[in-house]
Number of protein chains: 2
Amino acid sequence: MVSRYGRAAVILRPVPASGGNLPSTGRGRRAARPSGDDRELAILATAERLLGERPLSAISVDDLARGAGISRPTFYFYFSSKDAVLLSLLDRVVSEAEAAMRAVFGTPAATSREGWHRAIAAYYETFRAHRALTVAWAEARTSSEEVRALWSSVFERWVQQCAAAVEAERARGAAPAGLPSRDLAVALTSMNERVLYATFSGDGPSVAEGDVVEVLLGIWLSAIYGRTPTG
Amino acid sequence: MVSRYGRAAVILRPVPASGGNLPSTGRGRRAARPSGDDRELAILATAERLLGERPLSAISVDDLARGAGISRPTFYFYFSSKDAVLLSLLDRVVSEAEAAMRAVFGTPAATSREGWHRAIAAYYETFRAHRALTVAWAEARTSSEEVRALWSSVFERWVQQCAAAVEAERARGAAPAGLPSRDLAVALTSMNERVLYATFSGDGPSVAEGDVVEVLLGIWLSAIYGRTPTG
DNA sequence: CCCGTATCTCGACACCACGTTGACTCGTTC
DNA sequence: GAACGAGTCAACGTGGTGTCGAGATACGGG
């Protein structure tokens, strides 16, 4: 099992002997048939490749199946839908995003400016590294409840970290009181999200990719500190 | 002709005697058949009603046709697709948005704060008044090139007005130099867009509807002036 | 009054994508 | 070698889109 979103048919079946008796995928490669995990991986790889070429809505289940060298019904043996494939791919991005979050908010910064810079740069970098997936994520959000929920959970955690950091800055007197920290964090994070999406997708007017972190950082700092802090 | 997006079949036909020989829709109502304009209006009204109930993707052409009391093929006599109906509805919103823009940026404000408050409140109000349409607009942006282009044009004009206003404030010494005014305007407008969408659609964490204008305004002011200006 | 033309209407069709069914193959295990 | 589970796919049903071509209906001109 590669991911919790894969192997739909198996998941729906009544759980068999919940003690971990995984199939013997460990021993030397079987020539005859590629294992299920190989197929699953092939589908995921195909999806990621095609997403680099065209939007999710222009990719059919048949495209994914053919790309992985299987027929369409067989695809459904591995995933319950196109969305499940996306969700599976997003799992990886979400893990990276959370790791980045922990790294950034877990270690103290020399200056306030540096701290926020690191946070925004990490946010930017996580999604830049998977831009096709990020764009597809935003696209699928409007059509899939699960995709929307996954996004919301990532967004929410980010907002909480930021709001807590704002509170901390206020508590130590570095930032003035002002808007409720949560509202501030929600609005600023929304800005990041939308600006990065526009920049990555090329959809409509946006900010040049090389400047985007500086622009966002500038607005975050003035919104949090009232004016750019020196330390 | 009700809108430039309607009457697909007619539009595609070679233009007939471009002098305005509209059908005699003025005289007393014809009982037998409702006129074409009535049908067109009925389709638009149905679309707006259904958008209040469910997302665009969950509304079929058949739903629109039945709602207007016609068959599906007849629908295609009036509109070339579902998207064309949406575009037609959006025409109205776009006009209102532009009227609001002119009203706000065309008249001087007593204070800077009041000026920006009026601008953001107008933006908010325009889309709040058509929230179902606004949400559908954002949804269709990912699937229709034309919808995306329409959004971009509205966004772009708004950004230009704001960037110009920022430049004016800087020129008269009310605002300090800082980020390029266009980048600032793009990022802040993106924030407005995303926050309002989340608030109206209820999709994911957002700001309470009653507070949204104040929150956005606060961030705009600190981003433009460095700290909240008093006058 | 009848005829032509433009407007309008819809049954029937072709197409495409989705997701399911049921029969089949092929290793593995006892 | 029988039984089982994993994996596979042809064929099917469903539901959506958009088109075609044959009609109906009104209206203006001869």
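**Where the two chains meet**

Mentor: Let's start with a salt bridge: B:Glu193 pairs with A:Arg194, and their closest N and O atoms are 2.6 Å apart. The rule here asks for a side-chain nitrogen of Lys or Arg within 4 Å of a carboxyl oxygen of Asp or Glu. Keep in mind that this is a predicted model, where local features need pLDDT of at least 70 and side-chain atom pairs count only at pLDDT 80 or more, while totals for chains, interfaces and linings use all residues. As for bookkeeping, residues are numbered from 1 along each chain as its sequence is written, chains are lettered from A and ligands numbered from 1 in the order in which they are written, and side-chain values use heavy atoms, with hydrogens and water left out.

Across the interface of chain B and chain A, that rule finds two salt bridges. It also turns up two residue pairs in polar contact there, both at pLDDT 80 or more. (A polar contact is a pair of N or O atoms within 3.5 Å; within protein, one must be able to donate a hydrogen and the other to accept it, and residues adjacent in sequence count only if both atoms are side-chain atoms.) On chain B, the side that touches chain A draws at least two residues from each of helix H7 (131–141), helix H8 (145–171), helix H9 (181–201) and helix H10 (212–225). H9(B) gives the largest share, with twelve residues. By type, that side splits into 15 nonpolar, eight polar and twelve charged residues. (Ala, Val, Leu, Ile, Met, Phe, Trp, Tyr, Cys and Pro go under nonpolar, Asp, Glu, Lys and Arg under charged, and the others, Gly among them, under polar. Helices here are DSSP runs of H or I with at least four residues, strands are E runs of at least two, and both are numbered from the N terminus.)

Now the totals. Some 35 residues of chain B are in contact (heavy atoms within 4.5 Å) with 35 residues of chain A. Together the chains bury about 2900 Å², 64% of it on carbon and sulfur atoms. On the chain B side, B:Thr142, B:Arg194 and B:Pro205 lose the most area to chain A, together 20% of what that side buries. (Buried area is the accessible area, with a 1.4 Å probe, that two parts lose on being put together, summed over both.)

What about the nonpolar packing? The largest nonpolar core has 140 residues, and those with the most contacts inside it are A:Trp137, A:Ile219, A:Trp220, B:Trp137, B:Ile219 and B:Trp220. (Such a core is a set of buried Ala, Val, Leu, Ile, Met, Phe, Trp, Tyr and Cys residues joined through side-chain atoms within 4.5 Å; buried means under 20% relative accessible area, exposed over 50%, and partly exposed in between, again with a 1.4 Å probe and protein chains only.) Take B:Ile219: leaving aside neighbours within four places in sequence, its contacts include A:Leu179, A:Leu184, A:Ile219 and A:Ala223, as well as B:Leu188 and B:Met191.

Beyond neighbours within four places in sequence, B:Phe155 is in contact with A:Pro205, B:Val186, B:Thr189, B:Ser190 and B:Glu193, and B:Glu193 is the residue from our opening salt bridge.

B:Glu156 belongs to helix H8 of chain B and B:Arg182 to helix H9 of chain B, so the pair ties together parts 26 residues apart in sequence. B:Arg182 is partly exposed, at 33% relative accessibility.

Further along helix H8 of chain B you'll find B:Glu169, which counts as buried at 11% relative accessibility. Its side chain makes a polar contact of 2.8 Å with that of B:Arg172 and another of 2.5 Å with that of B:Tyr225. Not counting residues up to four places away in sequence, B:Glu169 touches B:Ser112, B:Trp116, B:Ala174, B:Ala175 and B:Tyr225.
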